[in-house]
Amino acid sequence: MTRPVRVELANAAYEVVIGPGCLGEVGERLAEVLPVGRAALVTDEVVAKLHALTVGASLIEAGFDAVDLQVPAGEASKSWARAGELLETLARLRLERTDPLIAVGGGVIGDLVGFAAAVYLRGVPFVQVPTTLLAMVDSSVGGKTGLDLAAGKNLAGAFKQPALVIADVDVLATLPITEWRSGLAEVAKTAVLDGEELLAWLEARASSLAQGPTADVEELVARCVAFKAGVVSRDERESEERECLNYGHTLGHAIEKVAGYGTIAHGLAVAEGMRFAARIAVDVAGADVAFVRRQDRLLDGLGLGVLEVDLAPEALLEAMHSDKKARSGVVRMVLADAPGSWRCVPVDDGVMRAHLQQWAATKRTEER
Ligand SMILES: NC(=O)c1ccc[n+]([C@@H]2O[C@H](COP(=O)([O-])OP(=O)(O)OC[C@H]3O[C@@H](n4cnc5c(N)ncnc54)[C@H](O)[C@@H]3O)[C@@H](O)[C@H]2O)c1
């Protein structure tokens, strides 16, 4: 039994299929939306050993002639160099304009392969088969693809909507606990943005979810995807509402960059960024301290404790200036002041520096 969520866009629509066991149905479901022919299955070296064989077999069974391609696992693969190698390989294999790229893996594979699908031959069809919680609840839906540049995270990219997303929740059983919790950070972000109902639902299940996938995982993924599908369908190109999805990401991306890409899992950096944003929201957006405490309790409950890092405030501030939301040199942050209520607010360097210094000081004293 699967739960489909439809993403409705101005010029396209696609289905996100969520359920146990649907990895073996990729070929047959793909054949329903695209012509059967050649395809490139792209995965990372970890997922290749665990789950990609099932996808490959289903493609062959459905009549696809699939080539298997692998890249190293980890954030370092979201690079210009790796994207270039992938594009050269596709060209050498003479993949044609109607041949889909199938991304099987976490957010790194989805972002890299989606970018390649956007630019190879000026665009070929693209399918997402997310295998991490983070990719299922967030990155596989909505069509943002990206590469990291030395100056900042996701600074190169393209919008490229998938033709289909297939999320088999059974594959989450093999996910290391740190990666599972990293995904829970995007779930917590979604709950704060969505509002009281989802937030309370998540709070009630936080301590069991902190230990790994539970019987609620399918519903969890479906609820998060439904929220994201709604946001993306109303604002596909992030001109306004879609900016909310950056909640926690201003400091989060800066932490990832300053610590060195791949050192700290994306979601763990986002969780820290949510704690930071909530404190700034008290200062500049009228948020109640009770809301900060409530969010802290949720993150603690999900196993997303305060991040132990020692990073220089000035380096983080500089990294924030490369954030895509900055305008006229001023950093803009998504600030939530209550469940379901947020704004994207300019935060001047003086306020940001003071908060970063306070944040860094709590790391040294371990008080918070
Ligand atoms: N495009 C978007 O809208 C969007 C949204 C959020 C995040 N992102 C991006 O997503 C990336 C993070 O994605 P991620 O957290 O999935 O990281 P990831 O893709 O690096 O995966 C994390 C690790 O888990 C392994 N793995 C994947 N599936 C597995 C499974 N089922 N069992 C065991 N191991 C498995 C991978 O090999 C990797 O080592 C970041 O680069 C972030 O910028 C993009």
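## A buried lysine to start

At 6% relative accessibility, K153 counts as buried, where buried means under 20% relative accessible area, exposed over 50% and partly exposed in between (1.4 Å probe, protein chains only). This is a predicted model, in which local features need pLDDT of at least 70, side-chain atom pairs count only at pLDDT 80 or more, and totals for chains, interfaces and linings use all residues. Residues are numbered from 1 along each chain as its sequence is written, and side-chain values use heavy atoms, with hydrogens and water left out.

The partner of K153 is E75: their side chains meet in a salt bridge, 2.8 Å from N to O (a side-chain nitrogen of Lys or Arg within 4 Å of a carboxyl oxygen of Asp or Glu). E75 sits in the loop between β4 (65-71) and α3 (80-92) and K153 in strand β8, so the pair ties together parts that are 78 residues apart in sequence. Helices (H or I, at least four residues) and strands (E, at least two) are DSSP runs, numbered from the N terminus. E75 is buried as well, with a relative accessibility of 12%.

## Around the ligand

Let's turn to the ligand. It is surrounded by 28 residues, and the closest are D44, E75, T131, T132 and T174; a residue is near if one of its heavy atoms lies within 4 Å. By class, this shell holds 9 nonpolar, 9 polar and 10 charged residues. Helix α2 gives the largest share of the shell, 4 residues.

Some atom pairs are worth a look. A polar side-chain atom of K78 lies 2.8 Å from a ligand oxygen, while an N or O atom in the side chain of D111 is 2.9 Å from a ligand nitrogen. V171 brings a backbone N or O atom to 3.1 Å from a nitrogen atom of the ligand. Taken alone, the ligand exposes 870 Å², of which the protein buries 91% (Shrake-Rupley areas with a 1.4 Å probe).

## Other salt bridges

The count of salt bridges comes to 29. In one of them, the side chains of R294 and E196 meet at 2.9 Å, N to O. This pair links distant parts of the chain, with R294 in helix α11 (residues 289-301) and E196 in helix α7 (residues 196-209), 98 residues apart.

E243 also forms a salt bridge with R327, with the closest N and O atoms 3.9 Å apart. E243 is in the loop between α8 (217-234) and α9 (249-259) and R327 in the loop between α12 (313-320) and β10 (331-338), 84 residues apart. E243 is buried at 7% relative accessibility, whereas R327 is partly exposed at 42%. Elsewhere, salt bridges that share partners join E75, K78, D111, K153 and E256 into one network.

Notes: A polar contact is a pair of N or O atoms within 3.5 Å; within protein, one must be able to donate a hydrogen and the other to accept it, and residues adjacent in sequence count only if both atoms are side-chain atoms. Ala, Val, Leu, Ile, Met, Phe, Trp, Tyr, Cys and Pro count as nonpolar, Asp, Glu, Lys and Arg as charged, and the others, Gly among them, as polar.
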